[in-house]
Each structure stands twice: as structure tokens, then as C-alpha cells.
Amino acid sequence: MRRITLWGLSTLTTLVLLFSYHTSTGAGTSLAAPVVAQSGSASGSSGSSSGSSSGSSSSTGSGSSGTSGSSSSGSSGSSSGSSGSSGSSSSGSSSSSATKTYDGDTAQTRWGPVQVRITVQGGKITNAEAIVYPNNNGRDVEINSYALPVLNQEVVQAQSASIDMVSGATVTSDGYLQSLQSAIDQAHL
């Protein structure tokens, strides 16, 4: 009887510890890439967008814990649908072959916000990059270090948002596709 009681208490303790373990599902922030205006570059693209560096870095994920100790704006828990980063930038030339960049809307995911920037030249996507993505812990960095380059490459190959999601990075891939579609809509492709 003693062994059964000890076994039952050990199992109960293990379950309590297992369910109380905190993972990266809490609210977090992502670091937005600084926006740099390039003058006199070969492509002539500006690289600036309306509100992408200030709006996207202050948004927080919609985690279950509702607390955020590392948020740059001090807000916690809730996420907003847009963070003021849906603007697009374009180059100084008005010809159809000029290089233009478009920032998609920030997509809020379970692990944090995702925002995609595409570069369009001559009506074709020449580059795609995630400028905001979850990178709050080692696991986020590990997943996104292999998933984002694959997604970026597939966008340039497919010339649309009809690309495959990356296995193991489903949440980030979904947010990536949402933001990508927004950028493609802005570019009228």
C-alpha cells in the first residue's frame, strides 16, 4: 500500500511540474530591422516605409500568459490587428521597370508578429524577406534560421503567395503567407 501511495504522489508531482513549465507561448516582441534610406545606390530604392520600424517593434504576441517583460513599449498580452506598417515605399523613378519595395501588413501569430517585404522590378518579385519575425528564444531563432530563407526563395521562384509551408515552422509560415499576400496586393501583382 505504501508503494502505491508513493507512486501516485510521484506521478501527481510529475504532472504538476510538467504542466507548470513555461514555454515561449507567452507574449513577446520581435526586433524590427532598422529602416535605412539609401541614397545614390545602383537600384535607387528608398527602403523606408511608413511606420514599420516604430509600429511593428512595439506590438506583442497574443500569448496565453498575458505578460511581457521584454516589450519595448511596455504593453502586454493583447495584440492589435495592424501596427501602422502597411505602407509601401517606392523608388524615385516612375517607370515600370523601376525597383520598388512593398511591406506587407504585420501578421500576428501565436509566437509573435511576422512581416514580409518584397522587392519588385519590372512586374516581377526579385527579392522577398521577413523583416519582422519571432526571435524571442533559442527555439524561435533555430526554426526561423532555416524556415525563412526557404520561404524567401520559394516566393521568388513562384512569383506569388502560392508556396508550400515549411514543416516544423507552420505558425511562422502561416504569418509569412498572410503578410506576403498583403505586400503582393499592394504591388498589384
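**Close-up views of a predicted model**

**View 1. Nonpolar surface patch formed by Leu9, Leu12 and Val16**. Val16 is placed in helix α1. In an α-helix, residues three or four places apart point the same way, because there are 3.6 residues a turn.

**View 2. Helix α1, residues 2-20**. None of the 19 residues of α1 is buried, so the helix lies largely in the open.

**View 3. Pairing of strands β2 and β4**. Strand β2 comprises residues 99-103 and runs antiparallel to strand β4, residues 113-121, to which it is joined by five bridges. Within this pairing, Lys100 has Val120 of β4 as its bridge partner. Strand β2 is mostly covered, with four of its five residues buried.

**View 4. The largest nonpolar core**. This core contains 23 residues, of which Ile118, Val155, Ile163, Tyr176 and Leu180 touch the most other members. Two or more residues are contributed by each of β4, β5 (124-132), α3 (138-158) and α4 (170-187). Helix α4 gives the most, with six residues. In soluble globular proteins, nonpolar side chains tend to be buried together.

Definitions and conventions:
Residues numbered from 1 in each chain as written. Predicted model: local features only at pLDDT ≥ 70, side-chain atom pairs only at ≥ 80, totals over all residues. Heavy atoms only, no water. Buried < 20%, exposed > 50% of the residue type's maximum accessible area, 1.4 Å probe, protein only. Pairing = 2+ DSSP bridges. Expected span 1.5 Å × (residues − 1). Patch = residues over 30% accessible without salt bridge, like charges linked within 9 Å, V, L, I, M, F, W, Y side chains within 5 Å. Areas by Shrake-Rupley, 256 points an atom, 1.4 Å probe, with all protein chains shown as cover. Salt bridge = Lys/Arg side-chain N within 4 Å of Asp/Glu carboxyl O. Core = buried A, V, L, I, M, F, W, Y, C linked by side-chain atoms within 4.5 Å.
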